[in-house]
Amino acid sequence: MRKKIVAGNWKMNTTLAEGQALASEIIHMVEDETDRSVQVVLIPPFTHLYPINKLIGSLRKKHIYLGAQDCSAHEKGAYTGEVSAAMLQSVGVDYVIVGHSERREYHAENHALLAQKARRVLEHGMQLIFCCGEPLSVREAGNYLEYVEAQLRESLFELEADLWEHIVIAYEPVWAIGTGKTATPEQAQEVHAYIRSLIAERYDKALAHEVSILYGGSCKPENAAELFAQADIDGGLIGGASLKSRSFVDIIKACQ
Ligand SMILES: O=C(CO)COP(=O)(O)O
């Protein structure tokens with residue numbers, strides 16, 4: 001059975017004290033209010049990973065995981081400012097986001113670089129959350145399926161089939177991120193089903209069936225349940241609404 005996952009991408013928000021308080025609140029509310037059938041991933045900034053891993057670890061919550069927002073394509077060495085996959089793994093990181101649209105846009109990350117980053121994450125035994133999704137101009141031009149297909153094909157489809165049990169896809173249409181404009185359940189389902197069909201075509205149907213595909217982009221408690229009710233939507237990658245414990249936990253509950 002494929003996993004249901006709700007992941008909170010905090011982006012560049014919270015001081016350490018604020019982040020620790022938010023993580024503690026979320027952990028306690030998840031314990032008190034949810035049935036633990038959903039994997040919860042907290043994805044704070046790099047600086048908070050080690051202390052938040054301790055918060056998760058000391059409570060031994062096997063359904064709560066730690067994620068990082070990016071990692072270097074390089075293994076180690078003279079790359080000032082970079083954080084390697086080995087470093088992330090050494091502080092307890094379970095999941096790493098690669099290919100977020102904000103990295104693609106503001107840091108000019110291309111298909112080839114993202115393929116290297118994906119490989120690094122998997123080599124170090126972590127789970128990959130690979131983001132894809134089209135900008136508004138592409139959506140309006142109508143060729144969004146081809147656009148998403150190229151993102152997957154160019155960065156992931158060289159990977160060996162046995163690595164796919166460690167890969168999660170997040171479809172995040174750029175026009176829905178931080179805009180308050182969510183994709184409709186039908187719009188999201190169309191792309192999710194297409195992504196699954198591409199994986200089935202490149203690998204096989206059984207493998208594709210097991211891959212969790214998350215939706216991201218203005219997902220909130222008010223719209224989460226109808227998105228998660230779609231056949232190929234297995235959870236969410238949540239930005240703004242993951243910074244408030246109440247809304248994040250309500251989204252987790254909508255996924256149960
Ligand atoms: O980019 C996102 C998660 O990675 C989505 O952000 P919002 O939920 O703030 O739209």
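Let's start with a pair of neighbours: helix 10 (residues 221-228) and helix 11 (residues 245-255) have axes that come within 8 Å and cross at roughly 20°. Keep in mind that this is a predicted model: local features need pLDDT of at least 70, side-chain atom pairs count only at pLDDT 80 or more, and totals for chains, interfaces and linings use all residues. Residue numbers run from 1 along each chain as its sequence is written.

**Overall build**
- The protein chain has eleven helices and eight strands (DSSP runs numbered from the N terminus: H or I of at least four residues for helices, E of at least two for strands).
- For 256 residues, a compact globule would have a radius of gyration near 18 Å, and the chain's 17 Å agrees with that (taken over C-alpha atoms; the rule is 2.2 Å times the number of residues to the power 0.38).
- The C-alpha trace spans about 45 × 45 × 35 Å along its principal axes.

**Helix 10 with helix 11**
- Helix 10 and helix 11 are therefore roughly parallel to each other (angles under 35 degrees; over 145 is roughly antiparallel, 65 to 115 roughly perpendicular, and the rest oblique).
- Axes here are lines fitted to C-alpha atoms, for helices over the stretch in contact, with angles from 0 to 180 degrees between N-to-C directions.
- On the helix 10 side, P221, A224, A225 and F228 meet S247, D250, I251, A254 and C255 of helix 11 (in contact means C-beta atoms, placed from the backbone, within 7 Å).
- Sorted by class, that contact has seven nonpolar, one polar and one charged residues (Ala, Val, Leu, Ile, Met, Phe, Trp, Tyr, Cys and Pro are nonpolar; Asp, Glu, Lys and Arg are charged; the others, Gly among them, are polar).

**Helix 7 and its partners**
- Helix 5 (residues 111-123) packs against helix 7 (residues 144-156) at about 55°, with axes 7 Å apart, which makes helix 5 oblique to helix 7.

**Around the ligand**
- The ligand is surrounded by 14 residues, and the closest are N9, I177, G216, G239 and G240 (near means a C-beta atom, placed from the backbone, within 6 Å).
- This shell has five nonpolar, eight polar and one charged residues.

Note on methods:
Two residues are in contact if their C-beta atoms, placed from the backbone, lie within 7 Å.
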